[in-house]
Amino acid sequence: MSGVKKFIPLLDRILVEKISNQATKTTGGIFIPTNKDAPTNNAKVIAVGTGSVKLDGSFIDPIVKEGDIVLINPKARSNTVPWGDKTYHLLSENDILGIIEN
């Protein structure tokens, strides 16, 4: 996808970039490393489609928006999208379990 400036997913699809697992810091200041081989379930939303289509042809707006950090279903079937030097994942909004707020 070299030369592409913007990618807009169709319908209820969401383009995400998975966030790597990071060490957890305890209240005492000790860092506990995570298993680097464990799959990551956190992702940053890169692009959002127009939403699901109702029977009357109108759209149900997506709940997530670009820039949100989300928790995705670890068993979600996503399509891998290589773009530049990064790899993104295209999945349905149904595969997003929640929005993470800090």
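Modeller: His89 is buried, with a relative accessible area of 13%. Buried means under 20% relative accessible area, exposed means over 50%, and partly exposed lies in between (1.4 Å probe, protein chains only). This is a predicted model, where local features need pLDDT of at least 70, side-chain atom pairs count only at pLDDT 80 or more, and totals for chains, interfaces and linings use all residues. Residues are numbered from 1 along each chain as its sequence is written, and side-chain values use heavy atoms, with hydrogens and water left out.

His89 sits in strand E9. Strands (E, at least two residues) and helices (H or I, at least four) are DSSP runs, numbered from the N terminus. What does His89 touch, leaving aside its neighbours within four places in sequence? The list is Ile14, Leu15, Val16, Lys18, Ser78, Asn79 and Thr80. Contact here means heavy atoms within 4.5 Å. With Ser78, the side chain of His89 also makes a polar contact of 3.5 Å. Such a contact is a pair of N or O atoms within 3.5 Å; within protein, one must be able to donate a hydrogen and the other to accept it, and residues adjacent in sequence count only if both atoms are side-chain atoms.

E9 covers residues 86-92. Strand E8 (residues 79-83) runs antiparallel to E9, and 5 bridges join them. Two strands pair if DSSP finds at least two bridges between them. Pro82 stands opposite Thr87 in E9. E8 and E9 make a hairpin with 2 residues between them. In the turn, Gly84 has a positive phi of about 65 degrees.

A salt bridge is a side-chain nitrogen of Lys or Arg within 4 Å of a carboxyl oxygen of Asp or Glu. Side chains of opposite charge can pair when their charged atoms come close. Lys86 is partly exposed at 39%, and Glu17 is partly exposed at 22%.

The structure holds 2 salt bridges. Lys65 and Asp68 form one of them, at 3.3 Å from N to O. Lys65 is exposed, with 54% relative accessibility. Asp68 is buried at 10%.

Next, the segment before E1. Leu11 is found there. Its phi is positive, about 50 degrees, although Leu11 is not a glycine. Most residues other than glycine have a negative phi. Leu11 is partly exposed at 38%. With Leu10, Val53 and Phe59, Leu11 forms a nonpolar patch on the surface, with about 380 Å² of accessible area together. Patches are made of residues with over 30% relative accessible area and no salt bridge; like charges are joined within 9 Å, nonpolar side chains (Val, Leu, Ile, Met, Phe, Trp, Tyr) within 5 Å. Phe59 lies in strand E6 (residues 59-60) and is partly exposed at 42%.

Last, the setting. The protein chain has 0 helices and 10 strands. Of its 102 residues, 25% count as buried. Among contacts between residues at least 6 apart in sequence, 61% join residues at least 24 apart.

Technical notes
Accessible areas come from the Shrake-Rupley method with a 1.4 Å probe; for residues, only the protein chains shown count as cover.
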